[in-house]
Amino acid sequence: MRGVLEAEKITHPAHAPGMPTVTVLGDGQLARMMQTAAIELGQSIRLLAGAEDSSAAQVCSDVVLGDYKDYQDLVKVCAGADAVTFDHEHVPNEHLLALIDEGLNVQPRPEALVYAQDKLVMRNRLKELGAPVPRFSSIESVEDAAQFWESTGGRVCLKARRGGYDGKGVWFPDSAGELSDLVSTLLDSGTPLMAEEKVALARELSVLVARTPSGETRVWPITQSVQRDGICAEAIAPAPNLDEALAARCRELGVKVAEELGVTGVLAVELFAFDAGGADGSVVEDIAINELAMRPHNTGHWTQEGAVTSQFEQHLRAVLDMPLGSTEPLAPVTVMANVLGAPEDPAMPMQQRVVEVAKRYPEAKIHLYGKTHRPGRKIGHVNLCGTDVEATRRDAAAAAHFLVHASWD
């Protein structure tokens with residue numbers, strides 16, 4: 001088999017001659033929305049999908065069915081691509097290193113991705129950089145957990161080091177005994193663990209940064225996210241009532257993390273915001289890093305309508321080392337409301353729900369992912385631009401609620 005370095009440029013009717021082709025590993029809604037952005041740039045996506053009816057496979061013409069854990073499947077879909085990128089961080093790093101050795105342009109590189117794949121590795125590196133992080137510890141035994149419980153006064157968040165998302169792989173034990181039982185069960189099942197001290201959370205913020213391999217960076221306005229049951233339900237940009245000095249610090253922190261870790265493409269730095277307390281008893285907001293995501297992110301969906309350049313277009317520009325677009329906002333406030341599957345799917349067809357929302361909120365932008373109903377599943381989102389924060393939040397939430405429940409109540 002010829003080396004990937006010698007492979008000819010991808011030829012497929014889906015790809016315009018002479019324009020870049022980006023291979024995306026992963027077939028979810030992020031890859032789907034990358035394809036939309038690629039079309040506008042005259043580019044196109046070659047997709048590695050696990051199923052023909054997956055969210056992204058529905059809208060991409062050049063689809064290769066395969067398993068992202070299988071190296072030969074990766075070789076098949078990546079050969080000849082101008083860049084290789086991801087809609088999740090779970091592709092084995094040893095496979096990515098082998099692809100790079102074959103001459104492929106993998107962005108972000110595995111040296112950076114490891115910090116989004118393993119929470120303990122990420123925490124240790126951020127601590128080395130002097131970035132603000134909660135107190136944390138590796139948990140390799142019940143004794144480790146007991147010591148951490150004692151040292152934090154019981155303020156413990158237990159996390160799986162790998163694979164957790166949308167509230168999965170995160171536990172908040174109510175007692176030392178519950179923590180011990182959890183740790184014993186999880187370690188016996190082969191789940192590597194860490195723990196961190198719970199902060200007195202006031203709200204969650206997100207910094208979205210884009211960085212090219214040649215080092216250009218752009219930062220969007222700081223976003224506030226609202227979580228329900230561990231899933232992002234709402235994002236508001238710019239974050240309301242955020243002190244400008246703290247906003248500047250958030251932006252600087254995002255750029256520092258991107259540069260020091262060598263991240264390319266879009267990076268989301270999720271932040272805990274909490275009251276650090278002023279000397280006079282006043283509220284003083286401070287931050288600590290929660291998670292990193294090295295791809296477009298749920299808290300950046302608002303950029304599709306609310307910023308000059310969306311996170312999806314910017315990600316493609318970045319991985320191809322093109323000049324980055326402006327990240328300036330297009331409205332005083334933009335709100336993204338997630339559409340999450342209801343406990344029971346309403347009888348009203350989704351298309352009719354879309355029509356009803358369009359009648360009441362003609363300014364709302366609906367993005368659906370082509371997914372079937374499942375309780376709690378992300379099946380779409382609504383973006384709404386406005387001038388008043390609370391009014392825009394109310395209307396975006398109402399539009400999303402109708403898409404979920406087929407009712408305005």
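This is a predicted model: local features need pLDDT of at least 70, side-chain atom pairs count only at pLDDT 80 or more; totals for chains, interfaces and linings use all residues.
View 1. Leaving aside residues up to four places away in sequence, Cys60 touches Gln35, Ile45 and Leu47. Cys60 lies in the loop that runs between strand 2 (44-49) and strand 3 (62-65). With a relative accessible area of 7%, Cys60 is buried, because the cut-off for that term is under 20%. Thr152 is 92 residues from Cys60 in sequence, and the C-alpha atoms of the two are 49 Å apart in space.

**View 2. Helix 1, residues 29-40.** Helix 1 has twelve residues, and the distance from its first C-alpha to its last is 17 Å, close to the 16 Å expected at 1.5 Å a residue. Nine of the twelve residues are buried, so helix 1 is largely enclosed by the rest of the structure. The buried residues are Gln29, Leu30, Ala31, Arg32, Met33, Met34, Gln35, Ala37 and Ala38. Gln35 is also one of the residues that Cys60 touches. Just after helix 1, Gly42 has a positive phi of about 75°.

**View 3. Pairing of strand 2 with strand 3.** These two strands pair in the parallel sense over four bridges. Arg46 has Asp62 of strand 3 as its bridge partner. The loop between strand 2 and strand 3 contains Cys60.

Terms used: Residues are numbered from 1 along each chain as its sequence is written. Side-chain values use heavy atoms; hydrogens and water are left out. Buried means under 20% relative accessible area, exposed over 50%, partly exposed in between (1.4 Å probe, protein chains only). Contact means heavy atoms within 4.5 Å. The expected span of a helix is 1.5 Å times one less than its number of residues. Two strands pair if DSSP finds at least two bridges between them.
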